[in-house]
Amino acid sequence: MNHEPQTIADVISGHEAEVEAIVHDAVAKSLADLGADIYKLEWANKAVAAEALAAA
Amino acid sequence: MPHILDRLDNGRLEATSNEWRSQFSRHKNQLIPSEYERILAWAAGCVDYEGPACESFAYGVYENGAGHAIAISEVVYSKSGRKWLKLLDLHLCPAVDLSFYNDELDIMGLSSIFAAAIVGTFHLTKRHPTDTVKLYGRSGTLLTFLKGIGAYIERQGGLPGLKVGIEGRWLVIRGAAA
């Protein structure tokens, strides 16, 4: 018998478009809700760090 | 979605390295090239997707069939014990990083990149079998961002067949049967 659990990909099979739409809207809403804090996201730090480095 | 998550094969890795170097060389006074060189070097060592010992992988986020990645995701898969797939980090290309700094952020484009990384990680469970995907909230702001995603999904009635919730610094997505 196969006791492997269903993968996430198995579970969303047939619902891909619905999942993509909900996740995309969730990401967009959460980014918008961050407001000015969006610039504190980890990914922006390389540019900020460069400015600090130049000022040092 | 205009963006997809996919492997970084040798050709794509070279194209991505060339594009990223071109971007940061144009903005040396605003970006730290060594930061991106470190990411590219790490990615080059994490593209052995079939290696039996490998648990850390680099995947690219691609825009509309472009040959180079606009972002590189850092994914970890546990091969022993309880299996899970973790999205640890998402490294944006220099041009997108710079858009934060220059106040030229394209929110919808950024949403598409992040959503592709998340949904793409769901699809990676075909290759790395598991019923659990975890997204890491490395910083306080990133954790707030992930909490916002979870809350929105909950307000929409959830994702079909999945349970979504925050556990510590992780946004966790599990099969409802798990």
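Chain A comes to 3 helices and 0 strands in its secondary structure. This is a predicted model, and its chain B holds an open sheet of 7 strands.

**Chain A**
- Reading from the N terminus, the elements of chain A follow the pattern α-α-α.
- Of the 56 residues in chain A, 34% are buried.

**The sheet of chain B**
- The strands of this open sheet lie in the order S1-S2-S3-S4-S5-S7-S6, with mixed pairing.
- Strand S1 (3-7) and strand S6 (162-167) of chain B are the edge strands; each has a single partner strand, so one side of each is left without a neighbour in the sheet.
- From one strand to the next, the twist averages 25°.
- Further in, strand S4 (residues 85-92) of chain B runs parallel to strand S5 (residues 132-136) of chain B, and the two pair over 3 bridges.
- B:Lys86 has B:Lys134, in S5(B), as its bridge partner.
- Helix H5 (residues 140-155) of chain B packs on the sheet, where it touches S5, S6 and strand S7 (170-175) of chain B.
- The direction of H5 makes about 145° with that of S6(B).

**Domains of chain B**
- Chain B is divided into domain 1, covering 3-130, and domain 2, covering 139-178.
- Taken over C-alpha atoms, the centres of domain 1 and domain 2 of chain B are separated by 22 Å.

**Where the chains meet**
- Chain B brings 49 residues to the contact, and chain A brings 40 residues.
- On the side of chain B that touches chain A, the elements giving two or more residues are S4, helix H3 (94-101), helix H4 (107-124), H5 and S7 of chain B.
- H4(B) supplies the largest share of that side, with 11 residues.
- Sorted by class, the side of chain B that touches chain A has 30 nonpolar, 14 polar and 5 charged residues.

**A loop residue to check**
- B:Asn64 sits in the loop between strand S2 (56-63) and strand S3 (69-77) of chain B.
- The phi of B:Asn64 is near 45°, a positive value in a residue other than glycine.
- For context, most residues other than glycine have a negative phi.
- B:Asn64 counts as exposed because it has 8 C-beta neighbours inside 10 Å, and a residue is exposed if that number is 12 or fewer.

Conventions:
Residues numbered from 1 in each chain as written. Chains lettered and ligands numbered in written order. Predicted model: local features only at pLDDT ≥ 70, side-chain atom pairs only at ≥ 80, totals over all residues. Pairing = 2+ DSSP bridges. Helix = DSSP H or I, 4+ residues; strand = E, 2+ residues; numbered from the N terminus. Axes fitted to C-alpha atoms, helices over the stretch in contact; angles between N-to-C directions. Contact = placed C-beta atoms within 7 Å. Domains from an automatic or database assignment. Nonpolar A, V, L, I, M, F, W, Y, C, P; charged D, E, K, R; others polar. Buried ≥ 20, exposed ≤ 12 C-beta atoms within 10 Å, placed from the backbone.
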